[in-house]
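Biologist: Could you take me through this structure step by step, as I am new to it?

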Amino acid sequence: MTAYAPGATPRHYLMCEPTHYTVSYEINPWMDRTRTTDTELAVRQWRTLRDTYLDLGHTVDTIDPLPGLPDMVYAANGATVVGGIVYSARFLYPERQPEGPAYQKWFADRGYVTHTAAATNEGEGDMLVAGDLVLAGTGFRTERPAHAEAQELFGRPVVSLELVDPRYYHLDTALAVLSSDPRDPQIAYYPPAFSPGSRDVLARLFPDAVLADDDDAAALGLNAVSDGLHVVVAPRATHLAAQLRERGYEPLPVDTSELLKGGGGAKCCTLEIRT
């Protein structure tokens, strides 16, 4: 039985303009310090992404970018927010570690209940909400104790998924949640990014999932943002977009190619605030 898009729901996002964006270090296979980065182009692409959300009727808040933190634009890594509770990020690499406290302070200053992580985790980069489940990646950036910590904090089952391809170092580069409807959560994913056991788990939990191909994955097509109907997706992920249309979703290609040089796309730039 094939699942179809249930319909859009308003979302609340936090984003960070890439004012200081550049590739000055290398902590994932996408980064290359010898390639020229165009900060002005990155800002224009980011603003188009933000405006796309606004045009769809979603709420977008912004956090001020801090000098010396060029990856702060990847807001999804800054925290995980479920039921209004904020689980702070605790970054693996020193270059990004100041981002966690900066995002946590933003939430605390606005009255959110925040929890300072004890375990290494990179926010929604590795924790995606699908219905009543939290799908949690591990293998490169987030350690398994963070999964247990999140389960205790959110009171939701956390499903650990092992990532095995360094190009897809965060869960949100290899898997996209298309619908969080608890009655029928839907996802798309790239099977080769996961260990055999994790592929079996995903096949059992989501037998009707959309499966991305090599080209979709290489375009970071799975670093997509869905409101349950509209799916903001990388323009080069054409096979994925065609499958989404067949399922009743409306793919919206938005170019984030300059930000791809840092290893991120639309989802990396978008932290969902779930209250």
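Biologist: Which residues line the second largest cavity, and how many of them are charged?

Modeller: In this predicted model, the second largest cavity is lined by Ile-27, Asn-28, Asp-71, Tyr-74, Asn-77, Arg-96, Arg-141, Tyr-169, His-170, Gly-262, Gly-263 and Cys-268. About 60 Å³ of space lies inside that cavity. By class, its lining has 4 nonpolar and 5 polar residues, and the number of charged residues is 3.

Biologist: How much space lies in the largest cavity, and which strand gives the most to its lining?

Modeller: The structure holds 5 cavities of 30 Å³ or more, and about 180 Å³ of space lies in the largest cavity. Its lining has 20 residues, with Val-177, Ser-226, Lys-267, Glu-272 and Arg-274 lying nearest the centre, and by class the lining divides into 10 nonpolar, 5 polar and 5 charged residues. Strands S6, S9 (175–179) and S12 (225–226) each supply at least two residues of this lining. The strand that gives the most, with 5 residues, is S9.

Biologist: What is the volume of the largest pocket, and which residues are closest to its centre?

Modeller: The largest pocket has a volume of about 230 Å³. Its lining divides into 5 nonpolar, 5 polar and 4 charged residues. Of the 14 residues that line the pocket, the closest to its centre are Val-129, Arg-156, Glu-272, Arg-274 and Thr-275.

Biologist: Val-129 belongs to S6, so to speak of that strand next: which residues of S6 point the same way as Val-129, and are they buried or exposed?

Modeller: In a regular strand the side chains alternate between the two faces of the sheet. In S6, Leu-128 and Ala-130 point one way, while Met-127 and Val-129 point the other way.

Biologist: In which sense do S6 and S7 pair, and which residue of S7 is the bridge partner of Met-127?

Modeller: Strands of a sheet pair through backbone hydrogen bonds, either parallel or antiparallel. S6 and S7 pair in the antiparallel sense over 4 bridges, and they form a hairpin with 2 residues between them, where Gly-131 in the turn has a positive phi of about 65°. The bridge partner of Met-127 in S7 is Ala-136.

Biologist: Why do the buried residues of helix H3 lie on the same side, and which strands do they pack against?

Modeller: The buried residues of H3, which spans residues 144–154, are Ala-146, His-147, Glu-149, Ala-150 and Phe-154. They lie on the same side of H3 because they cover an arc of only 165° around the axis. The strands against which these buried residues pack are S3 (79–82), S4 (85–88), S5 (113–115), S6 (127–130), S7 (133–138) and S8 (158–162).

Biologist: Which residue follows H3, and what is its phi?

Modeller: The helix is followed by a glycine, Gly-155. The phi of Gly-155 is positive, near 65°.

Biologist: What is the order of the strands in the open sheet that contains S12, and which residue stands opposite Val-233?

Modeller: This open sheet is formed by 3 strands in the order S12-S13-S14, with mixed pairing, and its edge strands, S12 and S14 (250–253), each pair on one side only. Strand S13, residues 230–233, pairs with S14 in the parallel sense over 4 bridges.

Notes:
Residues are numbered from 1 along each chain as its sequence is written. This is a predicted model: local features need pLDDT of at least 70, side-chain atom pairs count only at pLDDT 80 or more; totals for chains, interfaces and linings use all residues. Side-chain values use heavy atoms; hydrogens and water are left out. Buried means under 20% relative accessible area, exposed over 50%, partly exposed in between (1.4 Å probe, protein chains only). The arc is that of the directions from the helix axis to the C-beta atoms. Contact means heavy atoms within 4.5 Å. On a 1 Å grid over the protein atoms alone, a cavity is a set of points where a 1.4 Å probe fits but cannot get out, and a pocket is an open set with protein on both sides within 12 Å along at least five of seven lines; lining residues have an atom within 4 Å of a point. Grid points are joined across faces, edges and corners, and a volume is the space filled by probe spheres set on the points. Ala, Val, Leu, Ile, Met, Phe, Trp, Tyr, Cys and Pro count as nonpolar, Asp, Glu, Lys and Arg as charged, and the others, Gly among them, as polar. Two strands pair if DSSP finds at least two bridges between them.
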